[in-house]
Amino acid sequence: MSLIAEASQKINLTMGYIMNIFAAMVAAMLMVLSIQPAQAMDGNDLLAGYNSYKRVKAGNAAGTDAYQGGQFDGYVSGVFHSAVGIALCVKGDVKDGQIQEVVGQFLETHPESLQRTPVLLATQALMKAFPCK
């Protein structure tokens, strides 16, 4: 094989490698650019989730109720579990659905607070139900 043929073969291999890297970088950039930005939630969104949660529990779910109710359930559970021992003091067992009802009822009885962030509202409701004295 001549020197020129060997050089040409090495250049072709290098160009193929560079093209693969370039294609991977373009694919990664497209994936990042396609991610939707997080939408800001407020207490109204949390209350809507609680209403969906109640419909699911009652067996009257429709449309996106299962998704929204599950999102409410998971959100409230996450707030609860991250605050136990820090801002919340739990004595005894917490029944299934108890924390969701505490937060949901707080939202229903405090409509003037629904413009606040969900984490603040959920924490406020849970601190009333599970105070540290």
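Colleague: Hi! Is C132 buried, partly exposed or exposed?
Modeller: C132 counts as partly exposed, at 39% relative accessibility; buried means under 20% relative accessible area, exposed over 50%, and partly exposed in between (1.4 Å probe, protein chains only). Bear in mind that this is a predicted model, where local features need pLDDT of at least 70, side-chain atom pairs count only at pLDDT 80 or more, and totals for chains, interfaces and linings use all residues. Residues are numbered from 1 along each chain as its sequence is written, and side-chain values use heavy atoms, leaving out hydrogens and water.

Colleague: Thanks! Which residue does a disulfide join to C132?
Modeller: That's C89, with S to S at 1.9 Å; a disulfide is a pair of cysteine sulfur atoms within 2.5 Å. The link of C89 and C132 is right-handed, with 100° about the S-S bond.

Colleague: And how many disulfides does a search of the whole structure find?
Modeller: One.

Colleague: Switching to rings, how many aromatic pairs turn up in the whole structure?
Modeller: Four. Rings of Phe, Tyr and Trp (its six-membered ring) pair if their centres lie within 6.5 Å; planes under 30 degrees apart count as stacked, over 60 as edge-to-face and the rest as tilted. One of them is Y50 with F72, centres 5.5 Å apart and planes at 50°, so this pair is tilted.

Colleague: Nice. Are Y50 and F72 buried or exposed?
Modeller: Both are buried. Another pair, F80 and F130, has its centres 5.6 Å apart and its planes at 65°, so that one is edge-to-face.

Colleague: Which residues do ring pairs link into a cluster?
Modeller: Y50, Y53 and F72.
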